[in-house]
Amino acid sequence: MAVSPETFLAMGREVLAQQSFSRLLGTELAALAPGQVELQLPLRDDLLQQNGFAHGGVVSYLADNALTYAGGTAMQVPVVTSEFKINYVRPAVGDRLIARAEAQAVSKTQAVCRCEVFAVKDGSEKLCALAQGTIVRLAQD
């Protein structure tokens, strides 16, 4: 039985609400479909580094979480990040970050996913980071 897009998004938001670190940062799940996700994070002063843009760890967290959502929803099993790489292409200056990720290659045991992170300022999005990662099925020990 297929799950409606609204129900799927609600399920994804329940998972996000269980992540205490995501709640601490204020992460929002804006869109979710199998193998695709959009996470958003309003930027506050305490998430910025000394030069006034988003701390690299915040950008990296958002990319990692988006990659995992994309891989997990594509595989439809509990997952974790096995590895990921991020390239910061410009400082993340703005009032919000948006991470959009998509599963690119999916098997029963892993998904290779790609993510773009944008900084939003005055309604305009600027690419600030690119990430790629391998998301793997969570081992059931």
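Let me start with charge: the chain carries 12 positive and 14 negative side chains, and the centres of these two sets lie 3 Å apart. Please keep in mind throughout that what we have on the screen is a predicted model.

Turning to the overall build, the secondary structure comes to 3 helices and 6 strands, and if you follow the elements from the N terminus on, they run α-α-β-β-α-β-β-β-β. The radius of gyration is 15 Å, close to the 14 Å that the globule rule gives for 141 residues, so the chain is as compact as a globular protein of that length. Along its principal axes, the C-alpha trace spans about 45 × 30 × 30 Å. The accessible surface comes to about 7,800 Å², and 53% of that belongs to carbon and sulfur atoms, while 41% of the 141 residues count as buried. As for how the chain meets itself, if we take contacts between residues at least 6 apart in sequence, 62% of them join residues at least 24 apart.

Now to the interior. In soluble globular proteins, nonpolar side chains tend to be buried together. Here the largest nonpolar core has 39 residues, and those that touch the most other members are Leu 29, Val 37, Val 59, Leu 97, Cys 115 and Val 117. Several elements give two or more residues to this core, among them helix H1, strands S1 and S2, and helix H3, which covers residues 56-75. Which element gives the most? That is H3, with 10 residues.

Is Thr 68 buried or exposed? Its relative accessibility is 16%, and because the cut-off for buried is under 20%, Thr 68 counts as buried. Again not counting residues up to four places away in sequence, Thr 68 touches Val 79, Thr 81 and Ile 135.

Finally, let me take you to Gly 52, which lies in the loop between S2 and H3. At 41% relative accessibility, Gly 52 counts as partly exposed. In sequence, Gly 52 and Val 93 are 41 residues apart, whereas in space the two are 7.4 Å apart, C-alpha to C-alpha.

Definitions and conventions. Residues are numbered from 1 along each chain as its sequence is written. This is a predicted model: local features need pLDDT of at least 70, side-chain atom pairs count only at pLDDT 80 or more; totals for chains, interfaces and linings use all residues. Side-chain values use heavy atoms; hydrogens and water are left out. A nonpolar core is a set of buried Ala, Val, Leu, Ile, Met, Phe, Trp, Tyr and Cys residues joined through side-chain atoms within 4.5 Å. Buried means under 20% relative accessible area, exposed over 50%, partly exposed in between (1.4 Å probe, protein chains only). Helices (H or I, at least four residues) and strands (E, at least two) are DSSP runs, numbered from the N terminus. The radius of gyration is taken over C-alpha atoms; the globule rule is 2.2 Å times the number of residues to the power 0.38. Contact means heavy atoms within 4.5 Å. Accessible areas come from the Shrake-Rupley method with a 1.4 Å probe; for residues, only the protein chains shown count as cover. Lys and Arg count as positive and Asp and Glu as negative; His and the chain ends are not counted. The place of a charge is taken as NZ of Lys, CZ of Arg, CG of Asp or CD of Glu.
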